[in-house]
Amino acid sequence: CIEAIESIYAWLDGELDETSERDLEAHISQCRSCYSRREMETKLNKRLRDSEKRPAGESLHRRLNKLLDHL
C-alpha cells in the first residue's frame, strides 16, 4: 500500500506512465483503503484548485496583517 499511495500522488500530478497507472488501478480495484485514499486526495486536489480561483476575503487579510504586526 505504501507504494500505491506514492503512486497516487504521482498520478494526481500526471507523472505516471501507462504501466504504472495500470498497476495502480489494479491495486486500487482490490484495496478499499487505497481506493478511499485516492478518492479523498482527488477531492482535496479539486478543492485546492477551485480555491485558487477565489480571492482571499477581507477578514483573512486582517488576520494575516495582525499576525505579521506581532512578528
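Predicted model: local features only at pLDDT ≥ 70, side-chain atom pairs only at ≥ 80, totals over all residues.

A: Leaving aside its neighbours within four places in sequence, Arg38 is in contact with Ile8, Trp11, Glu25 and Ile28, where contact means heavy atoms within 4.5 Å. Side-chain values use heavy atoms, with hydrogens and water left out.

Arg38 sits in helix H3, which covers residues 32–51. Helices here are DSSP runs of H or I with at least four residues, strands are runs of E with at least two, and both are numbered from the N terminus. Is Arg38 buried or exposed? Arg38 counts as buried because its relative accessibility is 11%; buried means under 20% relative accessible area, exposed means over 50%, and partly exposed lies in between, using a 1.4 Å probe and protein chains only.

Which partners do the charged atoms of Arg38 find? The side chain of Arg38 joins that of Glu25 in a polar contact of 2.7 Å. A polar contact is a pair of N or O atoms within 3.5 Å; within protein, one must be able to donate a hydrogen and the other to accept it, and residues adjacent in sequence count only if both atoms are side-chain atoms. The side chains of Arg38 and Glu39 also meet, in a salt bridge of 3.7 Å, N to O. A salt bridge is a side-chain nitrogen of Lys or Arg within 4 Å of a carboxyl oxygen of Asp or Glu. Put together, Glu25, Arg38 and Glu39 form a network of salt bridges.

H3 has 20 residues and reaches 29 Å from its first C-alpha to its last, close to the 28 Å expected at 1.5 Å a residue; the expected span is 1.5 Å times one less than the number of residues. Which residues of H3 are buried? They are Cys34, Arg38 and Glu41. Seen down the axis of H3, these buried residues fall within an arc of 70 degrees, so they line one face of the helix; the arc is that of the directions from the helix axis to the C-beta atoms. The buried residues of H3 pack against H1 and H2, while the face turned away from them carries the exposed residues Arg32, Ser33, Lys43 and Arg47.

Glu41 is buried, with a relative accessible area of 8%. Its side chain makes a polar contact of 3.0 Å with the side chain of Tyr9, and, neighbours within four places in sequence aside, Glu41 is in contact with Ile8, Tyr9 and Leu12. The side chains of Glu41 and Arg37 meet in a salt bridge of 3.3 Å, N to O. Both of these residues lie in H3, four residues apart, about one turn of the helix. Arg37 counts as partly exposed, at 29% relative accessibility.

Finally, follow Ile28, one of the residues in contact with Arg38. Not counting residues up to four places away in sequence, Ile28 touches Ile8, Cys34, Tyr35 and Arg38. Ile28, Ile8 and Cys34 are among the eight residues of the largest nonpolar core, which also includes Ala4, Ala10, Leu16, Leu24 and Cys31. A nonpolar core is a set of buried Ala, Val, Leu, Ile, Met, Phe, Trp, Tyr and Cys residues joined through side-chain atoms within 4.5 Å. The elements that give two or more residues to this core are helix H1 (2–12) and helix H2 (18–30), with H1 giving the largest share, three residues.

Note on methods. Residues numbered from 1 in each chain as written.
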